[in-house]
Amino acid sequence: MPATASETIEAAPAQAGRLRLALILGALSAIGPLSIDMYLPALPKLTHDLSAGPSLVQLTLTACLVGLAVGQVVAGPLSDAWGRRRPLLAGVVLYTLASLLCAVAPSVPMLIALRLVQGAAGAAAIVIARAIVRDLYDGAEAARFFSLLMLVNGVAPIAAPVIGGQLLRLTSWRGVFVLIAVIGALMVAATWGGLRETLPPGARHTGGPGSTLRTFAGLFGDRVFVGYALSGGLAFAAMFAYISGSPFVVQDIYGLSPQAFSLIFAVNALGIVAAGQVSGRLVGRVRLRTLLTAGLVMSLAGGLALVVAIEAGLGLPGVLPALFLVVSAIGLITPNATALALTGRPPAVAGSASALVGLGQFVIGGVAAPLVGVAGSGTAVPMGAVIAALTAAAFLSYVTLTRGHRPIG
């Protein structure tokens, strides 16, 4: 049965529609940083309020990251089979409810469980947003649109910690989750009223779970796909190690306030936006692999500089520029690694491919997050070591697994 005009978008939207689409998809793909960054300034206070150690509290980050990873593996294939709109709406509604429950969690173990649900529900927004881009664009045009999304969703990591830090002047960490739930409700309304179906019934993947598993196996067996997904995921995980460790390093070791930390965090996030916009402007004139290589080299340089700064006792003047390099590089790495991984994939499997891209980001990030706190909150060495190792692994996996690949664009 053919799809109606209200059910499908069969071609890339015009300029006005493109801007609206970017705003909605950018907001949806910002669920990850929104779920994590807004309550980062409250981590030390949460540790005190719930009488838990830093490593246990950091598991609330890990649980959210694992949920974001597992949820993508489920929601991506479902969107290939059922279309993008229904799984997306269900995920954002559940995300809003889980955020409200996080606000009343009585203990860290309960908060960890609820954060897992929150992340799994929010994952639908992230993975389906990427799949929608692939439904409409390919190659360099997809990379350009992903860079546009980074301009939109880059507001989240800039604004979220600042809002969270200022909110702590008025309320506790519980109030932060209430605000996240309110934002989730606004996303439900925007998705319902402003986002149409982009995968018509005739283009959907109808082979069932067995076919989905074969699709996953084929993608895992594709050396080049794995190379782009893994290198992007490892670099992204380095940023999550920074996200997990920096509240304790900046506040407990270097003595800055939650508000000062939130401003530093916002400056680093602004670096992501700036690098993403540079990437978007260069796409079409510079090859995607060249842009990705530049981002991975920039990330590796920052990781190595961070270790030197910590070991040499250079303090914040040495640590902050190194972290800025690591974080800003994501603006070059993510849009180009994602576009290269998804380019050429048929829309019927775009959700599954998008899920595996996200899996690499959030599973590795979930493992890395608690490692930065294994030595307690009195040393920055674990954070520096984890970030340096991840940036090095990202560069090596890219060089090793994607060698010889010559994509168009």
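Me: Why is Tyr398 called buried?
Reply: Tyr398 has a relative accessible area of 4%, and buried means under 20% (exposed is over 50%, partly exposed in between, with a 1.4 Å probe and protein chains only). The value falls under the cut-off, so Tyr398 is buried. Please keep in mind that this is a predicted model, in which local features need pLDDT of at least 70 and side-chain atom pairs count only at pLDDT 80 or more, while totals for chains, interfaces and linings use all residues. Residues are numbered from 1 along each chain as its sequence is written, and side-chain values use heavy atoms, with hydrogens and water left out.

Me: How many aromatic pairs does the rule give?
Reply: The rule pairs rings of Phe, Tyr and Trp (its six-membered ring) if their centres lie within 6.5 Å; planes under 30 degrees apart are stacked, over 60 edge-to-face, and the rest tilted. The count comes to three.

Me: What makes Trp173 and Phe177 an edge-to-face pair?
Reply: The centres of Trp173 and Phe177 are 6.2 Å apart and the planes make 90°.

Me: Why is the pair of Tyr228 and Tyr398 called tilted?
Reply: For Tyr228 and Tyr398, the values are 6.5 Å centre to centre and 45° between the planes. Tyr228 lies in helix H11 and Tyr398 in helix H17, so the pair ties together parts that are 170 residues apart in sequence. Tyr228 is buried too, at 1% relative accessible area.

Me: How do you know that the length of helix H17 agrees with expectation?
Reply: The expected span is 1.5 Å times one less than the number of residues. For the 21 residues of H17 (residues 381-401) this gives 30 Å, and the end C-alpha atoms are 30 Å apart, so the two agree. The buried residues of H17 include Ile387, Leu390 and Tyr398. Among the elements covering them are helix H11 (223-253) and helix H13 (288-311).

Me: What does Ile387 touch, beyond residues up to four places away in sequence?
Reply: Ile387 touches Ala238, Ala241, Tyr242, Gly303, Leu306, Leu323 and Val326, where contact means heavy atoms within 4.5 Å.

Me: Which residues touch the most other members of the largest nonpolar core?
Reply: Leu25, Leu28, Ile36, Ile387 and Leu390 do, in a core of 119 residues. Such a core is a set of buried Ala, Val, Leu, Ile, Met, Phe, Trp, Tyr and Cys residues joined through side-chain atoms within 4.5 Å. H11 gives the most to this core, with 17 residues.

Me: What makes Asp80 and Arg84 a salt bridge?
Reply: The term asks for a side-chain nitrogen of Lys or Arg within 4 Å of a carboxyl oxygen of Asp or Glu. Asp80 and Arg84 meet at 2.9 Å, N to O, so they qualify. Asp80 is buried at 1% relative accessible area, and Arg84 also has 1%.

Me: Which residue forms a salt bridge with Asp135?
Reply: Arg84 does, with the closest N and O atoms 2.9 Å apart. Asp135 lies in helix H6 (residues 108-136) and Arg84 in the loop between helix H4 (54-82) and helix H5 (85-102), so parts 51 residues apart in sequence are tied together. Shared partners join Asp80, Arg84 and Asp135 into one network. The search of the whole structure finds two salt bridges.

Me: How do you know that Arg85 lies over the face of Trp192?
Reply: A charge sits over a ring if NZ of Lys or CZ of Arg is within 6 Å of the ring centre and within 35 degrees of the ring normal. Arg85 is 5.1 Å from the ring centre of Trp192 and lies over its face.

Me: Why is helix H15 called largely enclosed?
Reply: Of its 13 residues, 13 are buried, so the rest of the structure largely encloses H15. From first C-alpha to last, H15 (residues 330-342) reaches 18 Å, close to the 18 Å expected. Gly344 follows H15, with a positive phi near 85°.

Technical notes
Helix = DSSP H or I, 4+ residues; strand = E, 2+ residues; numbered from the N terminus.
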